[in-house]
Amino acid sequence: MSTPGLKLKAVDSADLEILSACLQDALLPVLDLHYDREAQEFLFAANRFRWEAPAARERVHMAVRVRGVTAVQHKGFSLKQPGKFLSLLAMAFIPAEDGGLLWLHCAGETQPALRLSVKSLDLLAEDFGEPWPCASVPTHDDSGKGAV
């Protein structure tokens, strides 16, 4: 039986808060982070816990497209590690006169993060594929280092 997936759009802070909550504890393969400079789009695939149905203890893939991206910076990890996975904690937007900065904060000792300079807040996200069972619900310790 097919489970209906989420399809979300974020164009303001309230939308982003919802999308960020849905993607909390998602695993982001470094291999699946892509910036298309010409199209001004940043794309990534996430392996996310289905927080909208926590009792089901499932994960599903979600594709996310950020439009109007003029620059991408990263810290705490190398793009030359395609087998590495980042654990997304939250997304945050800091507005500025020329658009703003979209932050993707991740868990880990090095506090990995992505910073996208954007013309405006414009994200599209959609689940794809079937959910699969996972062993446990993500939890967090008190150290601020992320999911355990």
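Reader: Where's arginine 57 found?
Author: Arginine 57 is in the loop between β4 (41-49) and β5 (58-67). Strands here are DSSP runs of E with at least two residues, helices are runs of H or I with at least four residues, and both are numbered from the N terminus. This is a predicted model, where local features need pLDDT of at least 70, side-chain atom pairs count only at pLDDT 80 or more, and totals for chains, interfaces and linings use all residues. Residues are numbered from 1 along each chain as its sequence is written, and side-chain values use heavy atoms, with hydrogens and water left out.
Reader: What's phi like at arginine 57?
Author: Phi is near 50 degrees there, a positive value in a residue other than glycine. Aspartate 25 also isn't a glycine and has a positive phi of about 70 degrees. Aspartate 25 sits in the loop between α1 (13-23) and β2 (27-29).
Reader: Is aspartate 25 buried or exposed?
Author: Aspartate 25 is buried, with a relative accessible area of 1%. Arginine 57 is partly exposed, at 39%. Buried means under 20% relative accessible area, exposed over 50%, and partly exposed in between (1.4 Å probe, protein chains only).
Reader: OK, core next. Which residues touch the most other members of the largest nonpolar core?
Author: Leu23 and Leu123, out of 30 residues in that core. The largest share, 4 residues, comes from β7. A nonpolar core is a set of buried Ala, Val, Leu, Ile, Met, Phe, Trp, Tyr and Cys residues joined through side-chain atoms within 4.5 Å.
Reader: And what is leucine 23 in contact with, leaving aside neighbours within four places in sequence?
Author: Phe44, Ala46, Arg48, Met62, Val64, Leu88 and Met91. Contact means heavy atoms within 4.5 Å.
Reader: Switching topic, how many salt bridges are there?
Author: A search of the whole structure finds 6. A salt bridge is a side-chain nitrogen of Lys or Arg within 4 Å of a carboxyl oxygen of Asp or Glu.
Reader: What does aspartate 127 form a salt bridge with?
Author: With arginine 48, the closest N and O atoms being 2.8 Å apart. The pair links distant parts of the chain, aspartate 127 in strand β10 and arginine 48 in strand β4, 79 residues apart. Both residues of this pair, aspartate 127 and arginine 48, are buried.
Reader: And arginine 65, what's its partner?
Author: Glutamate 41, with the closest N and O atoms 3.8 Å apart. Arginine 65 is in strand β5 and glutamate 41 in strand β4, so the pair ties together parts that are 24 residues apart in sequence.
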